[in-house]
Amino acid sequence: MKLIWKFNLVLLGIFVLGFLIAGYISYRALQANAREEILQNARLMMESALSSRTYTTTQVKPLLETQMKYKFLPQSVPAYAATEQFNDLRKKHPDYTYKEATLNPSNLRNRATDWEADVVNGFRNTATTTETVGERDTPSGRALYLARPIQIKSGACLECHSTVDVAPKTMVDLYGPANGFGWKMDEVIGAQIVSVPMAVPIERANRTFTAFMGSLALVFVAIFVLLNVMLYTMVIRRVTHLAGIADQVSLGKMDAGEFKTTSRDEIGVLTEAMGRMKASLVQAMKMLEG
Amino acid sequence: MYAWRVWLPIFVTLFSAAAHAATEVGTVTLVDGSAHVLRGATWYKLAPGIRVEEGDIVAAPERAQVQVEFAAGTLANLGGSGALHVALPEAKLPLLVLPSGWLKLAAKPPGVRMRTPTLDVAVPDAIVVVHAQPATVELFVESGSAKLSAPAVPGADGAARDAKRGEFWTKAAALPPAVRASPPKAFVDAMPRSFADPLPVLAAKQKGKPELVVDHEITYAEALPWLAGRDRAAFERRFAVRLKDPAFRKAAEPDIARHPLWDRQLHPEKYAPKPVPAQ
């Protein structure tokens, strides 16, 4: 097998191996970055919802206390405020969802679905868990969800959610006496759940991966071609020329050609050496004949 | 101009046995819309900062709002007709009379009394919203407590009832008072929107003391509702000065029999002692 084929086989093997390794590493890294980006988005939205709850509790609800004696205003409820704010966001970004999934809510729109109930029960069963991240399939594609427990830590919550007798009458008039009561201090009654679509970041990661691997392949091909050109012009062609002359000299044809070179590299040194060897051989032949 | 059904009148009358000089009892701190005050028998244009005197009647049209703040910190806000009446000096509490309309009252100790067509209310330290109509009164106790009793009429059940925070009371003329745990939606929907919020305390912001600007003298039609109320005698005496106005006298003449004081003044001959026939 010719040298260049051996060289190309080895080079191809190295390129393929490097390509696979680079592809695996880059794919994992891009997917991890995409997931992290999704998770950061979810955390940001969760914090935004929490801020909305705090604003409602500290600034809005006190202003509505008198009005609440006449008509229950759900705008005074932190969960309602956070949900409504998010629903407004959803008008432009319908794949994002926020829900304060509750096992026993006053407002039935907050009642936990099956998978949400599993999340809530997970928090109820493990008191130390403060956050859960998971993935699930939705009609619009794969989604990542971030969940945090809703735990009763303030007596203010029980003003409306302990018993019907204690709750504001305007609230009972609106939501009825059957739902949203019986909550207890320190009980995990639900979970804040933010769902963020994974499609866009994942697709972006895949596109980046494709572009990266494509570029890598192009670079590998270019290197492959350039190395072949360099190998041929700098080594193989010159060695082949040397071999041809040496072969002729070995058959006694002293006029086959001169070992000439202007290069000072290893082939050039070999050429000069072979030139000197031919000259010595010619002189030796002359001495033998003389 | 001021048809009774569109007026939201508030009046302050003071019957002082000791002094006839008018005493300032409060300040108008909020006027939204075109409002007037009747002092004596003359209507003046109302503006924030005007001091309310004993005997004043404050009136405002539909969808207007007038708030009066009293010396003890009591606030009376009219989103409809209302009346503020300071009772006789020997009485302990000022008296607000609300013949019709909406009134939100935030009373501070020692409190106020309120009189409506079918219900008398004592409000020591509470916030109440009242909707008075000629035959029915609705009252909601927003905070605190009040004592309710029917007007002292023969055959009426005059027993006082305690109205607690959150309770909604209704009193129709011929029926006993009825209570429910919260105000009905119809009441809340009809209530002036501003009543759902706390009444603002604005007295400290009133720096000036605007002068009253005369608008017009009271007409007989404007005076008639007061002349037909429970204090008709007092108002007959108060408005008697208007009998000098030929137009007022002409308007009152057909009903003069209902106003004995005026009848005696206009037609003294009716009341002159009849000569004893010769024996």
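**Entry 1: helices of chain A**

I began with helix α1 (residues 3-63) of chain A and helix α6 (residues 199-250) of chain A, whose axes come within 9 Å and cross at roughly 160°. Here the axes are lines fitted to C-alpha atoms, for helices over the stretch in contact, and the angles run from 0 to 180 degrees between N-to-C directions. I note that this is a predicted model, in which local features need pLDDT of at least 70 and side-chain atom pairs count only at pLDDT 80 or more, while totals for chains, interfaces and linings use all residues. Residues are numbered from 1 along each chain as its sequence is written, and chains are lettered from A and ligands numbered from 1 in the order in which they are written. The helices (H or I, at least four residues) and strands (E, at least two) are DSSP runs, numbered from the N terminus.

How are α1(A) and α6(A) oriented to each other? They are roughly antiparallel, given that angles under 35 degrees count as roughly parallel, over 145 as roughly antiparallel, 65 to 115 as roughly perpendicular and the rest as oblique. I looked up the crossing of α1(A) with α6(A) and found it right-handed; a crossing is left-handed if the near helix is turned anticlockwise from the far one by less than a right angle, and right-handed if clockwise. The contact of α1(A) with α6(A) has 25 nonpolar, seven polar and two charged residues, where Ala, Val, Leu, Ile, Met, Phe, Trp, Tyr, Cys and Pro count as nonpolar, Asp, Glu, Lys and Arg as charged, and the others, Gly among them, as polar.

I then turned to α1(A) and α2(A), whose axes come within 8 Å and cross at roughly 130°, so that these helices are oblique to each other. The crossing in which α1(A) passes α2(A) is right-handed.

**Entry 2: a loop residue and the domains of chain A**

I found A:E65 in the loop between α1 and α2 (78-90) of chain A. Is A:E65 buried or exposed? With 12 other C-beta atoms within 10 Å, A:E65 is exposed; a residue is buried if 20 or more other C-beta atoms lie within 10 Å of its own, exposed if 12 or fewer, and partly exposed in between, with C-beta atoms placed from the backbone. The C-alpha atoms of A:E65 and A:S195 are separated by 33 Å, and the two residues are 130 residues apart along the chain.

For chain A, the domain assignment gives domain 1 (48-198) and domain 2 (218-289), with bounds that come from an automatic or database domain assignment. The C-alpha centres of these two domains lie 85 Å apart.

**Entry 3: nonpolar cores**

I looked up the largest nonpolar core, which has 62 residues, and among those with the most contacts inside it are B:V58, B:L105 and B:V130. Such a core is a set of buried Ala, Val, Leu, Ile, Met, Phe, Trp, Tyr and Cys residues joined through C-beta atoms within 7 Å. Strand β13 (residues 127-132) of chain B gives the most to this core, with five residues. Because domain 1 (4-205) and domain 2 (219-271) of chain B both give residues to this core, it lies between them. Apart from it I found another core, of 31 residues, including A:A79 and A:I193.

**Entry 4: backbone exceptions**

Most residues other than glycine have a negative phi, and most peptide bonds are trans. I noted that the peptide bond from B:P109 to B:P110 is cis, with omega near 10°.
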